[in-house]
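Take a moment with the sequence and the model. The paragraphs below walk through them.

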Amino acid sequence: REGGGGDEKDSDDGIPDVELSDCKTISRNHAKIAYNPELGRFEIFCMSKNGMFVDGRFFDCYYISVPLDSGSLIQIGNVLFYFLLPLRSGINNGAFESVEITLQRGGKAAQPMITTTWSIEELDKFKRCVLAYGIDAWQQLGKLFPNHTATAIKYLSRKWLSTLIQLCEIEQPSTALQLVHILREIMPAGEGGTPPMAVLTKWDKIKKYAISWGARIILLHRINRAVGTYGEEAVLEGVRMIGETTLPASWWERKHDIDLLRGIARHGFGAVNKMIKDKELCFQQTIGASSTPWPSAEKVGVRLRAILVALRLRNVKSMKKRSFSTMSSSAHYTSATATASSHAVGGSSSTKKKKKKKKKKKKKESGSSNKAPAK
């Protein structure tokens with residue numbers, strides 16, 4: 001039982017097995033985790049009106065049960081934790097191998113899911129690919145690892161991302177939170193959270209460069225999402241003038257901003273030569289046909305961050321416009337409904353006032369006629 005409030009009939013003397021925090025939003029008996037032998041899975045029951053989050057979804061005490069997978073992310077009050085099933089891992093002949101015991105959904109005949117084996121050389125290739133194209137570059141990863149199935153590649157991607165989240169959450173919690181959102185996007189429908197891969201946490205490179213790798217994955221994810229949503233040519237549509245102080249060169253124009261995003265989405269981060277040789281991009285006309293040098297990596301990085309900030313502001317403004325239009329339409333509908341209901345009940349307020357005046361006049365007339373004549 002995790003923290004909790006509500007019904008205490010399943011707890012001994014109302015004392016929880018695990019005390020989470022002194023936060024006021026956490027009840028004395030807040031939730032209960034139990035194994036369901038009929039379905040072959042663990043489930044969590046919410047016992048508090050304050051509710052809880054499981055893999056980003058909110059559940060309250062009216063839900064009967066919520067299924068849990070190995071690695072499901074649970075939030076109760078201000079406390080976040082993973083639900084993990086037993087994990088065995090080790091190093092065998094210079095290769096990373098992980099065996100995770102995860103009960104599959106589908107009844108009593110559940111089989112454990114076993115991952116494939118990845119060598120150190122393959123992990124280096126995987127790292128270079130995801131830092132160039134993004135964590136969800138399935139096409140490039142599939143070509144790079146023809147001997148591995150698509151399921152195994154996607155599984156490693158989720159494990160890789162979970163390991164970065166674990167390594168970044170102490171020193172860079174904001175980076176870890178953004179990586180959590182990316183992890184939720186690439187998860188298959190109906191699948192819970194995934195725990196970090198223990199053998200990856202023992203790899204010195206990922207422990208040393210976790211923060212910088214996480215920042216690169218976030219940057220590539222934003223670029224790929226912007227290009228995929230608006231299209232290559234309209235990727236900066238609705239974006240106002242980006243600051244001239246961040247221009248990486250005197251010849252840099254708005255078309256270069258657009259083709260920089262297009263080039264990264266096509267050829268990967270840092271593939272300058274491929275972007276210059278690409279005939280569909282404007283860099284060949286500017287640099288390929290002349291001796292004009294490519295700007296320094298630092299200046300291009302500053303410009304790229306300024307572009308991403310402008311893209312974020314555009315998204316925020318579009319969301320505000322949508323919410324305002326929704327509110328205005330609902331307000332118009334509410335006022336129209338109120339007017340119609342007032343007419344249906346007894347007419348408008350002006351008609352009611354007229355009726356009251358008529359009644360007063362009738363009373364005065366009847367009162368004057370009933371008075372006795374003066375002698």
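Which residue in S8 does Ile74 stand opposite? Ile74 faces Phe81 there. This is a predicted model, where local features need pLDDT of at least 70, side-chain atom pairs count only at pLDDT 80 or more, and totals for chains, interfaces and linings use all residues. Residues are numbered from 1 along each chain as its sequence is written, and side-chain values use heavy atoms, with hydrogens and water left out.

Strand S7 covers residues 72-76 and runs antiparallel to S8. Five bridges join S7 and S8. Two strands pair if DSSP finds at least two bridges between them. S7 and S8 belong to an open sheet of four strands, in the order S5-S4-S7-S8, with antiparallel pairing. Its edges are strand S5 (57-59) and strand S8 (79-83), each of which pairs on one side only. From one strand to the next, the twist averages 25° (axes are lines fitted to C-alpha atoms, for helices over the stretch in contact, and angles run from 0 to 180 degrees between N-to-C directions).

Now step back to the whole chain. There are 12 helices and 11 strands (DSSP runs numbered from the N terminus: helices are H or I with at least four residues, strands are E with at least two). The chain has 375 residues, and 39% of them count as buried. Buried means under 20% relative accessible area, exposed over 50%, and partly exposed in between, with a 1.4 Å probe and protein chains only.

Next, the rings. Rings of Phe, Tyr and Trp (its six-membered ring) pair if their centres lie within 6.5 Å; planes under 30 degrees apart count as stacked, over 60 as edge-to-face and the rest as tilted. The count comes to nine aromatic pairs. Take Trp160 and Trp213: their ring centres are 5.8 Å apart and their planes meet at 15°, so the pair is stacked. Trp160 lies in helix H3 (residues 150-168) and Trp213 in helix H7 (residues 210-230), so the pair ties together parts 53 residues apart in sequence. Trp160 and Trp213 are both buried. Ring pairs also link Phe126, Trp160, Tyr209 and Trp213 into a cluster.

Look then at Trp251 and Trp252. Their ring centres lie 5.5 Å apart with planes at 35°, so this pair is tilted. Trp251 counts as buried at 19% relative accessibility. Trp252 is buried too, at 4%.

Finally, charges over rings. Lys32 lies over the face of Phe45, at 5.4 Å from the ring centre (the rule asks for NZ of Lys or CZ of Arg within 6 Å of the ring centre and within 35 degrees of the ring normal). Lys154 lies over the face of Trp138, at 5.4 Å from the ring centre.
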